[in-house]
Every structure is written in C-alpha cells, then in structure tokens.
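Student: Could you walk me through this structure and show how its descriptions are reached?
Tutor: Gladly, let us look at it together.

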Amino acid sequence: MGSYVPSTDKERQQMLNAIGLDSFSELYKDVPGEMYLKGGLNLPAGMSELEVRRNISAMADKNTVFETILRGAGAYDHVIPSIVSYIPAKEEFLTAYTPYQAEMSQGILQSIFEYQTMMCELTGMDVSNASVYDGATAAAEAAAMCRDRKRTVTLISGASHPDTIQTVKTYCYGKNSELKVVPVKDGKTDIDALKKMLTDDVAGVYIQQPNFFGIFENADEIGEAVHTAGAAYIMGCNPIALGIMKTPRESGADIAVGEAQPLGMPLGFGGPYLGYMTSTDKYMRKLPGRIVGETVDANGKRAYVLSLQAREQHIRREKASSNICSNEALCAFTAGLYLSVMGAKGLADVATQSMSKAHYLASKLCEIPGVSLKYSGEFFHEFVTVIPKAGKVLSALQSNGILGGLNIDGDILWCATEKVSKAELDKAVSVVKEVLA
Amino acid sequence: MNFPNELKYSKDHEWVKTEGETAIIGISDFAQDALGDIVFVNLPEAGDEVVAGEVFGDLESVKAVSDMLSPVSGTVAAVNEELADTPEILNSDPYGAWIIKVEGITDTEDLMDADAYAEFCKED
Amino acid sequence: MELIFEKSVSGRGCSILPACDVETASLPANLSREEPPVLPEMAEVDISRHYTELCGNVHGVNSGFYPLGSCTMKYNPRIDEEMAALPGFTCIHPLAPTDSVKGCKAVFDTAKKYLLEIFGMDDCTFQPAAGAHGEFTGVMLIKKYHESRGDADRRTKIIVPDSAHGTNPATASMCGYTVVNVPSASDGCVDLEALKEVLGEDTAGLMLTNPNTVGIFDKNILEITRRVHEAGGLCYYDGANLNAIMGIVRPGDMGFDCIHSNLHKTFATPHGGGGPGAGVVGCKDFLAKFLPKSALMDGEDALQVRSFSGNFLVVVKALAYIMTLGKEGVTEAAQNAVLNANYLMSRIKGTFKPAFDRICMHEFVLDLSGYKEETGVSALDVAKTLIDYGMHPPTMYFPLIVHEALMLEPTETESKENLDKAAEVFRKLYKLGFDDPEYMKAAPHHAQIARPDEVQAARNPVLRWSKND
C-alpha cells in the first residue's frame with residue numbers, strides 16, 4: 001500500500017494516548033453505528049509508485065497521439081515553449097493556495113497583477129480579473145454582469161461555440177433569466193435579425209470573434225447596434241488572434257472574455273483551461289472572482305493584495321453575483337509566462353503564421369474537385385469546407401497520423417496553427433485528394 | 001459618539017433630516033464606526049423608488065458589506081456624487097456626508113430622537 | 001521586486017518559431033489592431049530569473065506547515081504530476097475520435113468507479129472545474145429534478161446553515177433560489193428545531209457539509225436528511241470536508257442525494273495558487289439523467305456548466321493518488337487527518353481556547369475573542385505573527401458563528417514532530433500577546449512585506465501596470 005502519512009504506528013499510538021484515546025475508532029464516536037462503513041471500501045489494494053506509473057502509463061498508451069492536428073473548435077494545438085512547461089511546475093507556485101496572506105504570497109500576487117496587465121493590453125480594456133474556469137464560463141459570468149432589474153434578457157450569437165451557448169444557457173436558466181440565440185447567416189451573426197431582437201429588456205449581447213466557424217464578425221457594426229439599444233456588448237475573442245486583430249475595445253465592447261488555453265496550455269483532453277475576463281472601468285466592480293490590486297505596505301513599500309473583495313461570495317454570500325472561489329490561477333500564471341516569452345512580436349508571429357497556414361490549407365483543399373469554402377467571410381485560422389464523404393476523409397487522415405478537421409453535419413471545420421509545417425499540410429491535402437479521387 | 005439633536009435616527013443606523021418636502025439620509029457615527037474604513041458606496045440613481053425598510057444601496061469596507069435600508073418611501077431626488085470618489089468622507093464627517101435625498105415621501109418608519117438613539121446604540 | 005514590464009528592454013526576445021514556410025496571409029486594415037499590445041521584451045534567462053525570484057516570495061505546501069482550515073493543504077505527490085504530464089494525456093484533443101481516446105476514457109471510468117465507491121453515489125460528472133462550480137452543478141440537478149416533477153414553481157428555497165461557506169448561499173442564489181439561513185445549535189451542529197421550522201412545501205433542498213465547518217460530525221445527520229426528504233426537498237453534500245471521513249462513512253449513506261468533492265483538497269491535487277481544481281459531482285440514480293453534457297461532444301440539449309468534459313489532467317492526478325492509497329490507504333489518510341487535528345488541538349489547549357472543546361474531525365476552530373479582550377491582540381494579529389515563524393496562518397474569521405476564529409487543518413501528511421513544533425509556536429505566541437501585544441499588532445516583521453494597506457487598494461484601485469506610471 002502506498003501512503004503519504006509520515007507518522008509511524010508507534011507515534012500514532014503516542015498521539016492517541018496524548019489525547020486520552022486508545023484507538024482510531026474512538027475518534028469517530030459521533031458517526032452513528034448504522035452508517036459506519038463495515039468491511040471498508042471496495043477499492044483495489046494500494047500500489048507502489050512503480051505500479052502506479054505502469055498502470056497509468058498503460059492508459060496513456062491507449063490514446064493516439066496525432067503527429068499533425070488540424071482540428072480546433074475551441075481547443076488549439078499551438079507551440080508551447082519549453083520554459084512555459086517548466087516554470088509552472090515549480091513547487092511553490094504549484095502547491096500554494098489562493099494568496100489570502102499577502103505577506104507570504106507576493107510572488108503569486110505579483111504574477112497575477114502582471115497577467116491582469118497583459119490581458120488588458122491584449123484586449124484594450126482597463127481591468128482584468130485573475131481568471132475563471134474557461135471561455136464558456138467566462139461568457140456566462142459576463143452575461144450575469146450585464147443583467148439588472150430592468151434588463152434581464154441575454155442574446156448570444158448562434159455562431160458562437162456550441163459549448164459556450166449551452167453553458168450560458170444553463171447559467172441563465174439557473175437565474176431564471178431568458179437567453180435568446182441570434183440566427184446565423186452565411187456563417188456570421190445575422191445583424192438584421194439581431195437588430196430586431198434588441199428590445200429594451202436586453203441586458204447584454206455576446207458574440208465570438210473570430211466565430212465558431214473561424215469567420216470574422218462585423219464586430220463594430222454589431223457593437224453600434226447593441227449600444228444604440230442600451231445593452232452591454234460582450235465579445236469572446238481568441239487571444240492568439242488578438243496579437244494582430246482589432247481589439248474588442250476598438251470594436252466597442254464593454255466586456256471581453258475568452259478561452260485562453262492557446263496561451264501555453266496543452267490540449268489535455270479539455271482541461272484545465274483558462275477563462276479570461278476584462279472590461280472597461282465602468283464594469284470593474286461587477287467583475288467576478290479574484291482581482292489583485294497594487295498598494296503599499298506599512299513601510300511604504302509597493303505591495304500586492306487581493307482587492308475589491310466585497311464583491312465576492314465569502315463576504316457578500318447570497319447577494320454575490322457569482323459563487324466563484326477557486327479559479328485557474330496556475331493557468332493564468334502560465335498564460336502570463338507565455339506572453340512574456342513570446343512578446344508582442346512573437347504573438348503576432350504565432351497569429352500570422354496560424355492564419356497563413358490555414359489560408360494555405362484552404363486554398364490547397366479547394367483545388368480538389370468537390371471541395372469548397374462553405375462561407376464567404378474573411379477567416380482567421382479556422383474555416384469550414386463543403387466536402388464529399390467527410391467521414392471517409394477524416395478516417396483516411398486518421399490512419400495517416402493526422403487528426404483532421406471536425407465533422408459538422410457533413411461539412412468539415414478545419415484549423416491550422418503555426419505548429420504544422422507546409423510538408424504536413426501538403427501530406428494532409430494529398431490524403432484528402434486520394435480519398436476523393 | 002456624536003448624535004446631533006436636530007436629526008432623527010432609524011434602528012438601521014441611518015439619520016434623517018427633513019427639509020420641507022425632502023428627506024436627507026445618511027449613516028450615523030455609530031454605523032461608520034462599526035463598519036470601519038468605508039471603501040465604496042453602491043448608490044441608487046436619481047429617479048429610483050425607495051421603500052421604507054428596504055435596501056437602497058450598500059456600503060463596502062475591506063472585509064464586509066452592509067446594506068443600507070431606507071427609513072422612508074419615496075423617489076430619489078439626488079445622490080451624493082462625491083461619495084463615488086471619496087467614500088472616506090462617510091467616516092470623517094458622517095453628518096456632513098449625506099447619501100441620498102428623497103422626495104414625494106409616502107411613508108416613514110418610526111424614527112428615534114438623538115437621546116433614544118444613543119440609548120438604542122448602547123443596547124445594540 | 002520589479003515587475004516583469006519594468007525589466008523589459010526594447011528589442012529583446014526569445015527565439016521559438018521558425019520562419020513561415022507558406023505564403024503570408026494578412027488581415028485587412030479594418031480588422032487589424034491599431035497598435036501592438038505592450039508585452040515584456042525579455043531574453044529567456046531574464047524570464048527564468050524573474051519567475052525564480054517570484055518563487056522565492058511564495059509559501060507552498062513544501063515550504064512549511066500550511067494548516068489553512070477548510071483547504072486541506074496536504075502534500076501533493078510528485079508521481080501524480082508526472083502522470084498528468086504524459087504526452088499520451090497532454091496532447092489529446094478533446095474532440096478527437098472516440099477510438100483514439102480510449103486511455104482518457106479509462107482514466108475517467110476508473111476514477112469514477114473509485115470515487116463513487118468513496119461517495120456512496122451511483123453516477124457522476126467531471127465537468128465542474130472547482131468546488132463552487134460543483135455546488136452550482138449539484139444544485140442545478142436539484143432544480144431540474146423539481147422541474148421534472150412539475151414542482152419547480154413552489155419549491156423556491158434552499159436551506160443553508162449559518163456556519164456554511166459563502167459559496168453555498170451564493171450558489172443557491174445563482175440557481176435562482178431564495179436562501180434560508182438556519183442557525184446552528186450551541187454545539188455547532190444543525191439546530192433540529194430551527195430546521196423543522198423552515199422546512200415546508202417551498203423547500204427545494206438543503207446544502208450541508210458534514211463534518212461541518214467547525215470540524216464536528218453532525219450525529220443527527222440521518223434525522224436531518226430524513227426530515228428534508230419528508231418535506232419533499234433534496235440534500236446536497238458539500239464535500240469540502242470529505243478528507244475527514246473518506247473510507248469511514250459515505251455521504252450517500254448519510255442520506256445525501258448529490259455531492260461535490262474537491263479533488264484539489266481531498267485527493268491531493270495541487271491548488272496552483274488558487275486553481276485549477278476539479279469539482280466532481282456525484283449523485284444518486286434518480287438524478288443521473290440530469291447530469292451535464294457537452295453540446296459539441298454529446299450533441300444533447302442538457303445542462304452544461306463549461307466546455308468539453310472537465311479538468312481532465314487534474315482527474316489524472318487524483319486517480320494516481322487514489323490508486324496509490326487504495327482500499328486501506330484512503331481510510332488511513334482520513335484517520336490520520338483526524339488524529340493530527342485532535343493531537344494539535346490537545347497540544348494547543350491550555351493557551352488559545354478551542355471554540356468547541358471536544359473530539360473534532362479533521363479541523364478545529366480556536367475562539368480568540370476572550371484572548372483579544374484580555375490582551376488586545378486579535379486573531380489577525382496572531383495569524384500575522386505566525387508568518388514570521390515560517391508557518392502559513394490558519395483560516396481567519398471563519399466560520400462566521402465563531403468570533404475571532406482561527407481554523408486549523410493540519411492534514412494527515414504532517415508528522416508528530418511538526419505538530420509539536422507548531423503547537424510550541426502557538427503556545428509561545430499566546431504568551432507573547434500578554435508580554436508584548438504591540439509587537440504582534442505590527443507583525444509580520446520579517447516577511448516579504450509588512451501589512452499591506454488594503455483600504456487604499458480598495459479605495460483607489462490600481463489593477464494593472466501602465467507604461468506611463
């Protein structure tokens with residue numbers, strides 16, 4: 001049996017005796033006898049470290065690690081610099097709790113302050129929180145920030161990630177507030193339909209940029225319509241795209257959120273990921289979760305603390321707008337580190353290369369008879385093709401060690417990042433060509 | 001503790017000063033002392049309705065938040081905009097730093113005079 | 001120390017990517033940002049040193065004693081980290097075809113089997129990313145249940161004890177419920193009479209931790225869950241304190257209908273300075289049909305609380321931990337967590353006063369209100385002085401039902417001599433409060449910073465660095 005309990009049997013007995021007891025069972029005298037688990041748990045016997053390594057490695061070996069990944073749809077396979085994998089594994093950051101005691105947590109607090117600054121820079125916003133669980137919950141929390149007594153309805157673009165839509169829907173259902181999905185036209189939010197839906201009870205409108213289909217929305221025009229109707233404007237932006245893309249602030253957004261997994265986190269079968277949230281000053285005190293602020297200590301020295309805590313559940317309890325407590329601090333730390341390593345130039349390079357490879361892939365695929373772009377709009381690093389035999393195409397790619405795009409009702413949503421080489425893209429295209437020949 | 005005689009007080013520690021048809025509302029010295037350093041005030045907007053005994057805003061200190069309950073029913077005529085940037089004046093000058101002014105008053109809670117309120121605070 | 005931005009030198013950087021090997025695409029002007037973001041420009045060596053310096057200003061579990069009550073700061077085994085870093089897990093796309101992710105399924109299935117056995121539940125979801133997120137999921141199950149019975153309109157209230165974590169009432173409110181606070185009895189447990197009074201046709205459910213937040217196992221638990229069920233409500237188990245009882249008694253056998261467990265507390269996955277965690281939610285059979293799904297992965301119109309299927313890599317760590325401990329080890333961990341708490345309490349006794357002087361579970365609460373009256377030294381002052389002794393302070397001012405509370409949870413991974421040393425420090429500080437209270441009121445004296453000005457931070461928020469400052 002494996003164990004992490006340091007005390008020996010002898011020491012345990014000494015400790016029991018010191019508190020006036022003879023056995024462990026006396027510690028549990030409050031547990032009613034009929035509930036006591038007789039015969040113990042039905043679990044296998046404990047294992048040595050070597051056995052655990054063998055068992056779990058065997059599980060990992062059952063997965064297919066694709067050499068080439070051309071699938072995104074909310075989880076993106078970008079290059080993770082070596083130092084970005086290494087530093088977050090340092091024990092101090094890894095094992096600490098939320099920095100409640102500022103006097104012995106300056107390292108974590110400062111790293112969050114730096115992260116907040118970087119996310120504000122990326123999005124053009126004034127304030128950032130210290131993270132929420134992922135992009136979908138960030139959207140749901142942002143929707144909650146916009147609602148008040150008079151305005152209770154949330155609108156979400158149907159061109160958003162399906163998991164984001166469903167998560168926002170669940171959060172709205174919880175609060176008994178209404179969510180309406182704005183229709184999609186040619187792979188983009190239908191602005192005419194949106195304008196009709198902008199009644200005076202609409203609190204906030206969420207769109208994704210670039211959207212689920214990889215297409216850039218007419219974000220400025222949507223923003224104008226939303227503000228004319230007196231509602232708040234939430235944009236969910238891909239943080240890599242923000243290396244080159246017009247910021248949500250420049251497009252008029254009040255709140256910017258998104259999935260920051262692309263900033264240095266591995267695919268990891270879906271998590272842990274990182275929800276970022278930034279906003280204009282006006283929404284500062286409505287942002288949920290931890291926020292780190294700069295101040296001075298009793299000696300006048302610069303210091304960082306968890307700030308504006310009166311918003312949070314541990315103080316406001318049932319009046320808090322969010323229950324969030326634990327967040328994704330180490331992922332935020334990783335994102336801050338990633339952005340420091342890449343710098344503005346490196347980030348723009350990642351964005352441009354991803355976009356260039358996607359455009360190259362699209363042009364090569366569309367040379368194959370029967371394959372064409374489904375939508376006409378400008379796209380970033382994802383695009384949808386109409387394609388015959390999508391299922392067959394994807395299995396052929398899989399047999400060649402390539403994870404192809406995502407099958408959406410017979411069409412394929414492709415993604416390319418800076419990580420794939422021209423040779424890999426050419427190989428994928430030749431496999432597709434062969435299937436469709 | 002200072003409880004000016006010309007004011008009336010609610011059991012929720014707000015003070016009320018009546019000027020013609022208008023009720024001016026703030027928090028008492030006792031309240032600001034109990035709360036500690038006030039860092040932010042959540043205020044209603046002019047034109048909002050307030051109801052006697054119900055919440056019209058809240059006060060934040062670093063580690064607590066406290067609801068403000070309106071001693072009167074009516075319409076908010078004005079809010080003290082100064083509190084947005086300098087909430088600390090509620091600590092330094094609780095009777096100078098009014099919070100809201102209410103007009104069109106339709107209902108008023110039972111209020112105490114300064115002596116009764118001082119007695120009330122001793123028990124609280 | 002300097003911010004990373006203040007160390008930035010224009011023109012520096014790291015070399016990560018090769019040149020682009022396809023024709024470069026670019027955004028049209030109307031989609032391009034006006035100016036690049038201001039991000040650090042640093043050589044890799046300077047980045048590494050920056051973070052190493054930050055590291056020196058963090059207290060982790062391995063830096064010293066960390067008795068932060070309610071947070072279960074046990075040792076985080078290295079093998080768990082190694083397993084979660086296997087490329088066979090980290091490189092897997094969440095939307096990869098089913099036949100290519102059999103290993104991930106094996107992890108989820110195995111972890112599920114083991115956890116359900118520990119919970120005494122029938123099914124679970126790994127979607128929630130943290131404890132509070134699990135609470136939200138669990139109470140949404142309760143909401144769906146009442147709705148499915150056409151009972152949603154009248155069942156509008158969730159009962160929460162006044163000793164509960166703030167997340168409980170906040171969760172109930174997020175789920176559209178009115179929160180009914182029920183006072184605790186003098187022993188810190190649920191006041192049965194008070195519970196009876198608030199139960200009724202409008203009861204949707206009860207949220208409870210057991211052992212509760214003062215570290216006591218509520219011996220009336222079967223009576224409590226029976227009464228809630230009789231009123232037509234469901235019982236939610238907040239698993240924050242599961243470490244005390246795993247392998248001894250199961251929430252499912254206490255009469256609870258659903259539960260969340262913080263894998264980052266009980267099952268030894270690290271807290272990462274505030275996250276990521278994982279908040280697996282278990283439930284009885286009759287609630288299983290409401291468990292959340294992913295719209296994209298499962299194509300269902302069901303509850304969904306986040307994207308994809310959860311913090312998978314955290315689940316890998318928890319699985320490695322449970323496999324290591326096994327049948328006997330899980331129980332052993334709980335027993336020793338309880339033993340360590342009782343031992344530490346007994347060693348401190350005679351100085352600071354336990355709020356409830358009796359056998360506790362995995363944690364206990366000290367009540368410093370009398371001490372503060374005598375010395376003028378508050379729970380905060382004691383906590384801050386502890387920092388100078390290399391110890392992370394206990395949880396302060398919680399639960400709210402104890403004034404001047406310090407809540408200590410040593411966990412099972414502290415040795416007897418560490419507990420002896422810690423107790424010695426507490427005894428020393430107790431005395432110091434009488435001898436030199438002013439010293440304690442100004443503590444810490446040897447930490448990274450002296451006490452920060454939190455009032456200024458909140459009144460004049462500075463939440464980001466700016467180039468012009």
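Student: In what order do the four strands of the open sheet in chain A stand, and how do they pair?
Tutor: Keep in mind that this is a predicted model. In chain A the order of the four strands is 13-14-17-16, and their pairing is antiparallel.

Student: Why is one side of strand 13 and of strand 16 of chain A left without a neighbour in the sheet?
Tutor: Strand 13 (372-373) and strand 16 (406-408) of chain A are at the edges, and each has a single partner strand, so one side of each lacks a neighbour in the sheet.

Student: How do you know that strand 14 and strand 17 of chain A pair?
Tutor: Pairing requires at least two bridges between two strands. Strand 14 (residues 382-386) and strand 17 (residues 411-415) of chain A have four bridges, in the antiparallel sense. For V384(A), the bridge partner in strand 17 of chain A is L413(A).

Student: Which helix of chain A lies across strand 13, strand 14 and strand 17?
Tutor: That is helix 11 of chain A, which runs at about 10° to strand 14 of chain A.

Student: How many residues of chain A are in contact with chain C?
Tutor: There are 171 residues of chain A in contact with 171 residues of chain C. Helix 11 (residues 329-365) of chain A gives the largest share of chain A's side, 24 residues. That side of chain A divides into 85 nonpolar, 53 polar and 33 charged residues.

Student: And how many residues of chain B are in contact with chain A?
Tutor: Six residues of chain B are in contact with five residues of chain A. On the chain B side, four are nonpolar, none polar and two charged.

Student: How far apart are the C-alpha centres of domain 1 and domain 2 of chain C?
Tutor: They lie 41 Å apart. The domain assignment places domain 1 of chain C at 4-57 and domain 2 at 78-322.

Notes. Residues are numbered from 1 along each chain as its sequence is written. Chains are lettered from A and ligands numbered from 1 in the order in which they are written. This is a predicted model: local features need pLDDT of at least 70, side-chain atom pairs count only at pLDDT 80 or more; totals for chains, interfaces and linings use all residues. Two residues are in contact if their C-beta atoms, placed from the backbone, lie within 7 Å. Helices (H or I, at least four residues) and strands (E, at least two) are DSSP runs, numbered from the N terminus. Ala, Val, Leu, Ile, Met, Phe, Trp, Tyr, Cys and Pro count as nonpolar, Asp, Glu, Lys and Arg as charged, and the others, Gly among them, as polar. Axes are lines fitted to C-alpha atoms, for helices over the stretch in contact, and angles run from 0 to 180 degrees between N-to-C directions. Domain bounds come from an automatic or database domain assignment.
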